[in-house]
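This report describes how two chains meet in a model. Please consult the sequence and the structure shown here while reading.

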Amino acid sequence: MVAPAALRVVRCGGSALHGARAVFSLAGGRRAPSDPAGPSRPSSLCRFLLCASGDFVKMYSVATEELVRLLRGHSDLVTGVQLAPHNHLQLYSCSLDGTIKLWDFTDGILIKTFTIGYKLLALYALPTSEDSVFVIIPKRGERDTFQLASVKLTKAAGQDTEAKEVSVVLEGVDVSPKCTAFGRECEYVASVKGTNLQVYFFKRKQLNRFSLRAKTAKGGNNVFTCVACHPQEDCIATGHADGKIRLWRNFNHKKEYTYSTLHWHHDRVMDLAFSAEGTSLLSGGVESVLVQWHSGSDCKKDFLPRLGSAIEYVSISSDSTFCCTSHTDNRITIINSNLRFSKTIQGLIKAREVKTGLVVDPRTKALVLNGEPGHLQFYCLQTDRQLYSLDIVQQEYIHQAGLNQSDLVRVAFSAQGKWLATVEERKETDLELQLKLWFFDEKTQSFKLNTRISMPHEDRITAMCFRDTDELEDDSLMLVTAGRDCVFKVWVILEDTDPEAQQSLSWSCDFVGSYHNYQATNCCFSEDGSLLAVSFGETVTVWDSSTWDLKCTFCHPPGKIRNICFGRLTCSKYLIGATDHGFLCCWNLLSCALEWSAHLNIIVLQPDPLSEHIAAVSWLLKESSLFVFKPSEPRPICIQRKLCKEKIQFAAFVPRDVPETIGSEKYLWLRRSQLFFLTDRQELMTVSTKPLEERLTLSSKQLAVEESLPVTAFSLLLGKHRHQQSQGSVDFGKVIHHHHEQDSPAVKELLHTPAHVLPSASFLCPIFINSLLISKENKSAEEVPDEVEMESEEAEDDSDEENNVTETKQEDTVPIESLGETTYKLSKSEEKELRKIRKVDYSWISVF
Amino acid sequence: MASYKPVVIPVVPKLGEKITQDTLYWRGFKTPVQIKEFGSINKIDFSPVSPYNYAVTASSRIHIYGRYSQEPIKTFSRFRDAAYCATYRDDGKLLVAGSEEGSIRLFDISGRAPLRQFDGHTKAVHVVGFLSDKYRVFSGGDDYSSRLWDIPSATEIVSYSEHSDYVRCGCASKLNGDVFITGSYDHTVKIFDTRTKRSVMTIEHGHPVESVLLFPSGGLLVSAGGRYVKVWDVLKGGQLLVSLKNHHKTVTCLCLNSSGQRLLSGSLDRHVKIYSTASYKVVHSFNYATSILSLALSPEDETIIVGMTNGVLNVKHRKPEESKEKSQKKRQPAYRTYVKGRNYMPKQEDFFVSKPGRCILRKYDKLLKSFQSSKALDAVLEPHIRLYTPEVTVAVMRELNRRGTLRSALAGRDEKQISLLLTFVTRRVIEPRFTPVLITVADMITDIYQPVVGQSALVDKQFLRLQEAIGREIDYQEELLEVLGMMDALFATLTEKRATFLEENKTNGLTKTLDRDMSI
């Protein structure tokens, strides 16, 4: 399958986790189907958290925060996830592609797909109406008007059914799923939009509208942002844009309604949720504080502050033991019922703006970029997890709109990953800059602040790089920063000889260079560290790094230099530059002349650290294209047009652990390192030649981990018992036979498939009986391996090791017992004959 | 989940003198006691035995002082003219002194009249001392000769006339009872062995030698003369080890501390410098009112005594060690309160509930955590923070500014508080490390309280003082810029000669100074 090696763009790093409210599965849910006799483990261990993520629904284990399953099937953004009200092992999900899918999430099986034909923007499944769900759909013919409709889900057999019975319940609802909520025993539905609250009573078919003035006398903003209904009483809680929460009562009367106000949030209330008994109300907002209001007394409230970033959704499990908050930076926090922080589920954290670019940590090979505000996230690409988050700014982050906070703008690692340099800036009336140098402490395995330099430059720092020499000498290490204040500065380590000083190493400025008072925009060291290239406006200057003499200058007027980099290995005599007038130039450092140039609007230029290849991404006609070339030849090795529709901001080559085998010569540059890039919408992507399936197996293998984690005393006991059993089966050949029958695919299927998806018993009976019959030679040999393969997929999912062991046994034993031998012999004899013939033939030819 | 992060107080590296262990040690003396003598003090010598009295030779008298006494315990005044160099013997019982008339007298500490008198020098004797065998005395005189005397018989044993100028200093080896050293104005230091007829070694100092000193080990010799202190390795045949030039006038006296780790030198330039004998770097220095002629350090470095040309004896005693009795007085909780619950071994079925580590926040941090910005500002305007750690005050102001609540924190204050704020701003706004923040603060205060100007004389006065301080600073900065301009011109003329190389240096140096200006 190597032949059709076309380059494909693959998303990685996961999409946003905050597409819709996350849902907790019920406690005591049936556990991994692979062990039918399996004990019911403590309820918290069996819990799953289901959330929409891009086109997928992700299922996480609450106990281990591990991704357990990925439900894929939708072809567009998933907008709603709801547990099926009558079977808590099933899940409804709706998507912009106009379908509602019913899943069995414990097994990851898609049970049914209902095609609606509208874009579905939210989904509500109610316990009272068994066969219909409510969805928010856009109104036909009108833009930006949405309506709440109920959809009858037919019980017809078959995987794909069309549900066309759509009846509109409410007109003019808000698009956000937070703005509609169903009340006690589904007697009414409340929906807010703008400054209007409308409540529709299903039984009486009565619609009450309440509206507030847009502005209060005190300047508050009365616009509704979200709504939640009390599960037991007639009470509606609404959140407002000025941070107030109103509790509405008596709203079945048009005039005599009352409301009380709770006010703590200083900004927009993002989401509200009542606990299952309605004793408390949770609210979250931009402040990233989860507030718990107790219903008894108005003023009593509890806080869980500093959750990291603005809260987008709040959801509570049906028994109130857990709640979770989805955050705008792509993260879910799981919180205990007593408002204690429990776990977080996070992938690639989306910063508001990635300014640092993609940097690879040489030590862990992790991708490093802006994370939480003021933090640097180390993101492991292999496991799709954040390794750790390094606090750079070390200031309390105030979650408030319109504040200028310090932000991380530049990051550089030294070649061995021993030193890390970071630049943070805060721009108010005047600029505050800090350059920090961090030393990797082997003992604590973390970076430790070594030197802090305030105002290293008078203006913004545009580029920063370490001299990348691979030698372990510390005195050769230097850092160059280029700033808009028209200079570049060279920083070196100073050793303090005083034995009583606290630290012996510190950094200080060694040299300041400038060129005709132009702003320094880029800097880059050659591979051996002997030359430094700094671009000033339209000119690239090349400096000798030992004497700091200006060696030569290059320019390609009229464009200003946008990117520069040196060639590597065999191409180290070339300097590549891209100008903002759309030229890619290659200068020869030996002859000091332009070698070649190409007319391309390059926005990203990224050399591969392990080879001489350079990747350049151009932006033309609203499309990004990728060019990979060697500086020595002007013809690119690989051109990939229409890489993606989004503008690519940054790119990085990440070295592979094991060189990949790549068939096509065109893609040899991908052999040793992989190219990742980040678009301006913060989607992390990579290019790959492998077909889709191969990649996916990787992620499904992760599932195995989850199984092995929670170990209880009973499971240990049981495991021991089973282990003995399997031991025994090795010893006595007879038992193998027994096992083989037990584990025949039909029986297994019968035992392991959840009961609610099984066909009727009368249908299963003959299969079951058949499977119990002792098979005759041929039949089993033909069929078993085939089915085993199918089974093994499931087994992998269920990841029960014991089962795997026995299965391999089975595969081993089957051919020996049955017909294997005869065919084998035949082929051997045939081979012998063939050999003879060949020998004769060859000798004959050679004589001739 | 992150906890509250306290306000970061930026640490600015201190300019000027670094505080080291040495500075702490040598600063640990009380304010000096001044005792007036009759003439310039040419020698101070400590008795080597307890209670460490010391003999001060000034004019025609030798005064013996007790350790803490301001008045002399005893006085020897049997000299017609000036007395010189009263020196104790090792056992502290005998004292020998030279005199202007050329005679050397030996006193018993308990007696009054001299026990012996050695006559022989034809001119003034400026240096005398005991050899370490206790029974002989060496001397050097202005008649260019160095002589050796026998105490029991009061006779001259040997006379060396090798120097060609006044002999003004000398010392005896502590290890060898036969060796002594003299230094002379003929720029040489000579080492004599009493068993030989001639000097065994001559060291050329290069300047009139004012003082010599032998290390307790006997291997290193220190000589002082002119502005130089030189250290010689005697065992290597008088090789120069290091030459120290830290004084800008003649060095007159040398002294070692009790551990032998530090060398002290006093000079006419009114300084005493302390060197480390490992690195020969100056680790500390003292300033005195007038030129220093003599210097002594008591055993255990308890007292430093300096004698000066105007006859003032400056005595510094070490401060007593901080007594820890105070803390002991406070009743500690009983031991069992500490171990309460800590020695409990959890059983297997127990759940272990860990106690979260408590982090202690400062008062202003607590207030900032609960967003009480005005109170937080009040907290850092408390006198002890405002006066001793202004960086904390400024850091909190910066934090409030970052949170956008500085204006509301500054507003709504009464006359006394405004005046206090303005005093702080006026005083600190000229410090470069605080300037950026405090200018914002000053701006806001003037903005907020503009309408009430003229209502309070106190506040108006403070505003005027602020204006004055800023005006002065602007003038000062202008002057600095002028100097920079001049330096630029100078560098420009230099670069004409050596075009390429110096251009870089120029930018380097200038931006560095500017950097300092900005960031410190």
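In this predicted model, 24 residues of chain B are in contact with 32 residues of chain A, where contact means heavy atoms within 4.5 Å. The interface is summarised below.

| Feature between chain B and chain A | Value |
|---|---|
| Buried area | about 2400 Å², 48% of it on carbon and sulfur atoms |
| Salt bridges | two |
| Residue pairs in polar contact (both at pLDDT 80 or more) | six |

Buried area is the accessible area (1.4 Å probe) that two parts lose on being put together, summed over both. A salt bridge places a side-chain nitrogen of Lys or Arg within 4 Å of a carboxyl oxygen of Asp or Glu. A polar contact is a pair of N or O atoms within 3.5 Å.

One salt bridge joins the side chains of A:Asp391 and B:Lys5 (3.3 Å, N to O). On the side of chain B that touches chain A, helix H7 (390-403) and helix H12 (499-519) of chain B each supply at least two residues; helices are DSSP runs (H or I, at least four residues). H12(B) gives the largest share, seven residues.

Chain B averages a pLDDT of 86, and 92% of its residues score at least 70; pLDDT is the predictor's confidence in each residue, from 0 to 100. Over residues 499-520 of chain B, however, the pLDDT is below 50. Where pLDDT is low, the predicted coordinates should not be read in detail. The model scores ipTM 0.73 and pTM 0.69.

Residues are numbered from 1 along each chain as its sequence is written, and chains are lettered from A in the order in which they are written. Local features need pLDDT of at least 70, side-chain atom pairs count only at pLDDT 80 or more, and totals for interfaces use all residues, while side-chain values use heavy atoms, leaving out hydrogens and water.

Notes: Polar contact = N/O pair within 3.5 Å; in protein donor to acceptor, adjacent residues only side chain to side chain.
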